[in-house]
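I open these notes to record what I looked up in one structure, entry by entry. The sequence and the coordinates come before the entries.

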Amino acid sequence: MSSNMTPTATTRRRFLTSTTALAAGTWMAPQFAIGRSGPSANSRINLACIGVGGRGAVNLQGLSGENIVAMCDVDDLNAAESFNAHPKAKRFRDFRRMFDKMGEEIDAVVVSTPDHTHFAATMAAMELGKHVFCEKPLAHTVWEARTMKKAARHYKVVSVMGNQGHATEGIRYVKEWYDAGVLGHVRHVDAWLNGINYNGRFFRKPEAFPPPAMPVPEHLDWDLWLGPCSEKVPYNPVYHPRSWRGFYDFGSGLLGDWSCHTLDAPFWALELGMPSVVERESSASDSSAFAPTACTIRFEFPARGGKPPVVLRWHEGTPRPEIREAWGIQEIGGSGMIMTGDKGCLMTGERPDSPRLIPDETWREFRRNLPPKTIPRVKGGHHREWTDAIRDGPLPGSNFDYAAELTEMVLVGVLAQRFGGRIEYDAAQMKITNRPELNAYLRVPAREGWRYGESLW
């Protein structure tokens, strides 16, 4: 702690860092909770937001009741609306400079940057003891996800990933109904989404790859946008401001963008853990540079205790899943997920917030006598779940202990999508055993000045 800190700064730091601790993975109630001495539990949290255009603007709105003290974005134009909405917040382009200048004035940090900079921004915050909200997918590589999980525990911060469906009542129904034996043994999960539209808002494909170098706009710091990337990729507007997701160097395609929503419920309810095999069964492209417009990925999960092995298929675009007889339906919608058990089948949309049993007659009968609610409900959504946890606990459901594992499962799938073929994964050793050349993608070195987390291993 700096020797020139004012008493007010010291009080705030104790208010929202030292007093919120995790010991051996167990939540310890903050000293400022209602009924205890110290600052009021209603005190506003001093927030810094890294990435404030696009999704960052949505997170700002969700957290608008807190005190926004700092905003950081590499693109002045993309961030202009958020900057103007919070004129008192200090503005930065480089989050490292922000922390140097304002570290003692910040209690918690929201990271809404492209996938490839999630790790550096979030780790920089945690190393300073700041509570963190990081958008999904949590990380860009498996090593990053595991390191973020270690860091949240080591630095004793309140963490959450922005897969908002994990805070809904719907996902709690899925787990409660499964735990009550409604579905029986689940051996198959099918999930499907419409494929990537490369002429849309969030995905663009260049006419040639790599795209030609273009002049960098004055409102953008391209070097900071690249962040930890060891390769100096020339600027081209096909990447930025929001069409980076389809490029594997920066994003994780539709699989990374949506599976943290669509697969959240089966991952949690079935306690899937890590797959032992992931295989790309079909793809509309063999490019390892950008995601295909359509593909099918098969995940194989081994038996877990008394739970049988599970085969999970992820479908983007066509072909859609073949309709199973057990579902009792004639067609499926544009996106969704079905868990097939030997006693019943459960369907959600692309998010886990509205589950139902299928077919319709089963659902009508089931609704007359629902199993008891056994999992505490979240009030106010995932943003409030995080801020309530900072003030008074308990940890959010999608804290980094959980979110890192969900993200790791997704990222192994992304490698199969990217490079094709079969991947045999030894999660205990964090190794791909049948194709060792792919292990280089489980951890991608960052360039000088952007390296974090080494000391935790």
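Entry 1, strand pairing. I take two strands as paired if DSSP finds at least two bridges between them. I apply this to a predicted model. Strand β7 (residues 131-134) and β8 are joined by three bridges and run parallel.

I traced an open sheet of six strands in the order β5-β4-β3-β6-β7-β8, with parallel pairing. β5 (90-92) and β8 (159-161) each have a single partner strand, so one side of each is left without a neighbour in the sheet. From one strand to the next I note an average twist of 15 degrees. Helix α13 packs on this sheet, where α13 touches β7 and β8. The direction of α13 makes about 35 degrees with that of β8.

I read the order β15-β14-β13-β9-β12-β11-β10-β16-β17 in a second open sheet, and its pairing is mixed. Its edge strands are β15 (356-358) and β17 (431-432), each of which pairs on one side only. Within the sheet, strand β11 (residues 295-301) and strand β12 (residues 310-316) run antiparallel and are joined by seven bridges. In β12, I find H315 as the bridge partner of T296. Helix α13 (residues 400-419) packs on this sheet as well, in contact with β10 (277-283), β11, β12, β16 (422-426) and β17. Here the direction of α13 makes about 45 degrees with that of β10. I also looked up helix α7 (residues 169-179), which lies across β9 (186-193), β13 (336-341), β14 (345-348) and β15. Helix α7 runs at about 175 degrees to β14.

At what angle do the axes of α5 and α6 cross? For helix α5 (residues 118-127) and helix α6 (residues 142-154), I note a crossing at roughly 15 degrees, with the axes coming within 10 Å. That angle makes α5 roughly parallel to α6. The crossing is left-handed. On the α5 side, H118, F119, T122, M123 and M126 take part, and they meet W143, E144, T147, M148, A151 and A152 in α6. I sorted the residues of this contact into seven nonpolar, three polar and one charged.

I record an average pLDDT of 91 for the protein chain, with 91% of the residues scoring at least 70. Over residues 1-41 the pLDDT stays under 50. For that stretch the model has 76 contacts beyond four places in sequence.

Conventions. Residues numbered from 1 in each chain as written. Predicted model: local features only at pLDDT ≥ 70, side-chain atom pairs only at ≥ 80, totals over all residues. Heavy atoms only, no water. Axes fitted to C-alpha atoms, helices over the stretch in contact; angles between N-to-C directions. Helix = DSSP H or I, 4+ residues; strand = E, 2+ residues; numbered from the N terminus. Parallel < 35°, antiparallel > 145°, perpendicular 65-115°, else oblique. Left-handed = near helix turned anticlockwise from the far one by under 90°. Contact = heavy atoms within 4.5 Å. Nonpolar A, V, L, I, M, F, W, Y, C, P; charged D, E, K, R; others polar. pLDDT = per-residue confidence, 0-100.
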